[in-house]
Amino acid sequence: MKFLGYVLSHLWHSKRRTFLTVSSIAVALFLFCTLRTVMTSLDASLRASDETRLVVRHAASLVFPLPLAYKARLAQVPGVVNVSFGNWFGGYYQDPKNQFTQFAVEVPSVFDLYPEILLGPAEKEAFIRERTSCIAGEALVKKYGWKVGDVIPITGTIYPGSWPLTLRGIYRAATPDASEDAIFFHWDFLNESMPEGRKNLVGIYWLKVASPSDAPTVSAAVDQVYENSPVPTKTETEKAFQAGFIQMMGNVSTLLSILGSAIIFAILLVTVNTMMMAARERTTEIAVLKTLGFRDGLVLQLVAAEAMLLSLAGGIIGCGLAYLAFHRVNFTAGGMIPNFRVLPETLVLGILLAVAMGLLSGLVPAFSAARLPISSSLRKVA
Amino acid sequence: MARIPLAYNLRNLAARRVSTGLTALGIALVAWVFIFTLALAGGFQAALTTTGTPENAIIIRKGSTSELMSILSRDAAGAIESQGEIAKATDGTPLAASELMVVWNLPRKSGTTTNVVVRGVGPKSFVLRPQVKLVRGRMFRPGLDEIIVGKMVAERFQRCDVGDRLKLAGREWTVVGVFDSNGRAYDSEIWGDVELFMPVFDRPVYQSLTLRLAEPGYLAPLKKRLESDPRMDVEVDREDHFYAKQSGQLSTMLRVLGLFVTSIMSLGAIFGALNTMYAAVGTRTREIGTLRAIGFSHGAILTSFLIESVLLALLGGVLGCLLALPVRSFTTGTMSFATFSELAFRFQVTPGMLLAGLAFSAFMGLLGGFLPARKAATMPIVDSLRQA
């Protein structure tokens, strides 16, 4: 530790190189945090899911509906505490580009299934009372500048036409991983507007069970009821259901990992190069140190410490910038990635990565400095 | 004005082999990431934009953004088929195919599941899409429990090869053939007889109608007449436009992500190039003084160092391009939001992308080399000569 001043004065001596190296490491770590945050944000729905919630859908695919008549039967399955249901609406606001989640849900049972939807009691009551009303997430309301009482026209793509919904409440999510980018409105309103033949069809049912350990038995029991019916079901935990969605996205995470590794490796090369240049320029000085009696091990440590300090500084700056850039900035990548926030573990991982880069980049120059033959290097001194 | 020969720069790069190699490799990786992301976005877009042809028109229900959300009754389909703008097949019947489309959840070979487009097609479907060619097995026979699958489906999904039995809608189907449409979206689909699919999938309606226009100019009048007919409630679009629209959002997002990553990453590489070039200038102080003393101008030295930096970067760029070539053989699949099912596609590396990668590398070299080159050019002769 007493040689910290020596290392620091070296870094200070070549200010430009120190600045450039720290910056390039900071850039790498910033990108690492960003890419990892894209990945963790895609998984946010997994962290937000509740182990005691089950999702029932058509066995073939989500796009096929289930009969409304299933509701009563589902409620009788042993272990089921609560049932609610909803239909994915799939519309847009004003322009097809403005896509976000809209769900037609059964009111008020949806609030029993989703206590994460935080709504003032007055707003909740107003919403429950009015069939053509809706509630919207705070992030969404901010984005489009809506106010309670506004009529929001949503254009349907699955359910044709324009659907004027009166905003009666603005909800907040109870956990940071749950989305605040959705509109919920009355399933009854949707259903009564449907022509004969499209009435009484439900997209998915949500079941609440008493404890997570009930989930497998209840799932199996539900699917068994409808196994040989014309409309078979597939029941799984909310987490498995969300994981299915992420699987459908394909190997996005693999692609991002490939990019991330390429970035880290590129910057590692740059840093190794810098450290080697720095050590090479000081050949004479290192020889002098050794002549003065500094041991090889200590010389190694001094050179390695310099690399480590540079890396660490770069890591802290890069991770810090990523945190500041995405913290509380409502960045959603055009609605594709809600809840874009840097997780603490990403920051920790980033710093660890910086430390690893420091170790690796200091290794080669540190060893060659330690092994430096004194006599031939001193000869260079003018 | 005398120019410093290029050989001087080349020898200098060769003399500092390790440093040159590391810096070039760093730039190579940036160029690689640049081309990789372009190839990803390009591949996805190409799969959709090449799928439609301008001679065909596709008709779906008004307000649906894709076939999946569309409904077309038998009556409406029949009425549309009798329109005069439709080209005639050799037997005099209209060249039009009413099709059914559903998506079905199937296990990938990796064990994960995703949705696959299952399309009920008629005999005209193949005439309308001459790009679709059977590459293995044979055609399905109408009325039998037989299906054919796209090349990507056969490659990526379980039990989807010729001879396999696949369960759909409570029935076992025999896969009798594999078709290839050369990278188009159809390669990610399963096809079978529409008249059999309708009762089996319990769908009394079609999703879309594709037709061949007798003249390209007929689209406008046909569109106008059908879309203004309140009984029809349909939307008419040129087939290539219809598919191109589906690629919009995701390919833009991929491009933005790629641009974001590469532009920030290039900053890191430029810092690295700056370091290397500053070191190059630093160790050659005396040499630069000599060059100036024997009569080379400021400009000549500035140019020479810039050229050296760009050469270094181009070395990296070429390496990056070489590393990016194998990317062409990557296939990946992602969810297409329009069909809510998997669209598999091949990464597309075009000569344009490689050139862009090279230009991008040269640009990084130019930026990284400018300041050090200026420093070299403005060094006072006497001082630099005095330095050991």
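Which residue forms a salt bridge with A:Glu238, and how far apart are the closest N and O atoms? The partner is A:Arg53, and the closest N and O atoms of the two side chains are 2.9 Å apart, though please keep in mind throughout that what we are looking at is a predicted model. A:Glu238 sits in helix H10 of chain A, residues 238–248, while A:Arg53 belongs to strand S1, residues 53–58, so the pair ties together parts that are 185 residues apart in sequence. Both A:Glu238 and A:Arg53 are buried.

Let me take two from chain B. B:Asp145 pairs with B:Arg171, with the closest N and O atoms 2.7 Å apart, and this links the loop between strands S4 and S5 of chain B to strand S7, the two residues being 26 apart. Here B:Asp145 is partly exposed, at a relative accessible area of 28%, and B:Arg171 is likewise partly exposed, at 31%. The other is B:Asp240 with B:Arg238, at 2.9 Å between the closest N and O atoms; B:Asp240 counts as buried at 14% relative accessibility, whereas B:Arg238 is partly exposed at 26%. Beyond such pairs, B:Glu67, B:Glu99, B:Arg119, B:Arg129, B:Glu189 and B:Glu239 are joined into one network by salt bridges that share partners.

Now a contrasting case, B:Arg212, which lies in strand S9 of chain B. This arginine is buried and yet has no salt bridge, the nearest side chain of opposite charge, B:Glu55, being 5.1 Å away, and the cut-off for a salt bridge is 4 Å. A polar atom of the B:Arg212 side chain does, however, lie 3.2 Å from the backbone oxygen of B:Leu128. The residues that B:Arg212 touches include B:Glu85, B:Ile86, B:Leu95 and B:Pro130.

Finally, the interface, where 55 residues of chain B are in contact with 50 residues of chain A. The buried area is about 4500 Å², with 73% of it given by carbon and sulfur atoms, and on the chain B side B:Leu22, B:Phe271 and B:Asn275 lose the most area, together 13% of what that side buries.

How values were computed
Residues numbered from 1 in each chain as written. Chains lettered and ligands numbered in written order. Predicted model: local features only at pLDDT ≥ 70, side-chain atom pairs only at ≥ 80, totals over all residues. Heavy atoms only, no water. Helix = DSSP H or I, 4+ residues; strand = E, 2+ residues; numbered from the N terminus. Buried < 20%, exposed > 50% of the residue type's maximum accessible area, 1.4 Å probe, protein only. Lys, Arg positive; Asp, Glu negative; His and termini not counted. Polar contact = N/O pair within 3.5 Å; in protein donor to acceptor, adjacent residues only side chain to side chain. Contact = heavy atoms within 4.5 Å. Buried area = accessible area lost by both parts, 1.4 Å probe. Lists of a residue's contacts leave out its neighbours within four places in sequence.
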